[in-house]
Every structure is written in C-alpha cells, then in structure tokens.
Amino acid sequence: MVIGVAIGIIAYVIEPWHLRPIQRALFAWDVGMWLYLAMIWARMVSASPEEVQRVAEREDEGATAVLAIITAAAVASLVAIVVELSAAKGLGPRQASINYALTGATMVGAWLLIPTVFTLQYARYYHQAGEDGASLKFPEQSQPLDYWDFLYFSFTIAVASQTSDVSLCSRRARRTALGQSILSFFFNAAVLGLSVNIAAGLLGP
C-alpha cells in the first residue's frame, strides 16, 4: 500500500499531459490503486495457508483503520467521477475521451479494491480467534485456508450483497459483513448508473 501511495503521488506530480486538477487526481489514484491491486493479488495467489495465517495473526487493530481509509477513498473516487462526467458534456472529443477512460479505470479498480481489502480483514478475523473460536466458519473447517477462500467469501458479498455458505460466528464479523453488504449495494448501483451515463455519452451526438 505504501508503494502504491508513493507511486500515485509521483504520478500526480510528473503527469505529462497537463490534465485538469480532478483528472490529474483520478489519474494518480488509478496508478496507485492498480499498482496496489496488482501487488496484493500477486501475493494472494501465491501465498500458502501458513503465510496467510502468519500475516493475519501479526496484523493489529490498525488494519481496521486502513480498511476504513481505503473504502472512503474508493467512494470519494466515485464522487470525483460524477463531477468529471458532468464536466465532460461541455468538453471536446479529446478531453471527453480522457474523462471516459479515467472513469472506466476508476470504476473497475474501485469495485475490485473494496472486496480485496475486506478479504484481508476476514482473514484476520478468522486467524485471530477469540475465546469463542474463529469469527468465520467454513464448510471444510478441517482443511487449511488460503486467500482464495476469503476472496470467495468477500466477492460473494460484493456481487450479491449477501453471504455465501460461510457462517459468521462473531459480532465483529457480522458487523463487517453488514457494512460491506450495504456498501456493495450502493456501489453496484452507482457503477450501473455511471456505466449507463458513459454509454449514453459515447453513443450520443
């Protein structure tokens, strides 16, 4: 995450196309976000169950603050998209195409980002078991879990705004899943509306 933030700041400073302020901010956000997603997914797909457990057990409560910050930033990026799309109607074809490209990259990236960071949170809940046991219960409880198992649970909520066959066994897990479900519902609705707006802009006169 630190690398993604650093590269995003550099991209904002040295951006060579002289974009407008909001466009430059979205460009920097996209560079940092996609770099973070590439690195974290590369780590997730190659991590063994033992590494997943080791990483989850050493994370502290600051991970929840990071989750909140990243989620807020993703939502803020959608607000910036709305502002840019409204401005794109009065711009020429070149500037409008830049807006649409930034909008598409931001929407897809932000949609992937939120369930990805929630995945890390669910892995932490599972491996930092309290007195009553793990916060999540998977059907194949006897087998060691890797990140694919937690990605499955998190992306099911992102797609359907409901849980899968994984049981939530603690209050904090239920609260987190509820928050993600509500966020995913409004996020999906926003993405659908923005997609229709983009399509209308591209097909319009």
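## Crossing of helices α1 and α2

Helix α1 passes helix α2 in a right-handed crossing, meaning that the near helix is turned clockwise from the far one by less than a right angle. This is a predicted model, in which local features need pLDDT of at least 70, side-chain atom pairs count only at pLDDT 80 or more, and totals for chains, interfaces and linings use all residues. Residues are numbered from 1 along each chain as its sequence is written, and side-chain values use heavy atoms, with hydrogens and water left out.

The axes of α1 (residues 2–14) and α2 (residues 21–46) come within 8 Å and cross at roughly 150°. The two helices are therefore roughly antiparallel to each other (an angle over 145 degrees).

## Residues at the helix contact

On the α1 side, I3, G4, I7, G8, A11 and Y12 take part in the contact (heavy atoms within 4.5 Å). Their partners in α2 are P21, R24, A25, F27, A28, V31, G32, L35 and M39. By class, this contact comprises 11 nonpolar residues, three polar and one charged, with Gly counted as polar.

## L37 in helix α2

L37, located in α2, has 5% relative accessibility and counts as buried (under 20% relative accessible area, 1.4 Å probe, protein chains only). Leaving aside residues up to four places away in sequence, L37 touches G109, L112, L113 and T116.

## S170 in a loop

S170 sits in the loop between β2 (167–168) and α7 (171–203). S170 is buried, with a relative accessible area of 15%. Its side chain is joined to that of S135 by a polar contact of 2.8 Å (a pair of N or O atoms within 3.5 Å, one able to donate a hydrogen and the other to accept it).

Key
Axes are lines fitted to C-alpha atoms, for helices over the stretch in contact, and angles run from 0 to 180 degrees between N-to-C directions. Helices (H or I, at least four residues) and strands (E, at least two) are DSSP runs, numbered from the N terminus. Angles under 35 degrees count as roughly parallel, over 145 as roughly antiparallel, 65 to 115 as roughly perpendicular and the rest as oblique. Buried means under 20% relative accessible area, exposed over 50%, partly exposed in between (1.4 Å probe, protein chains only).
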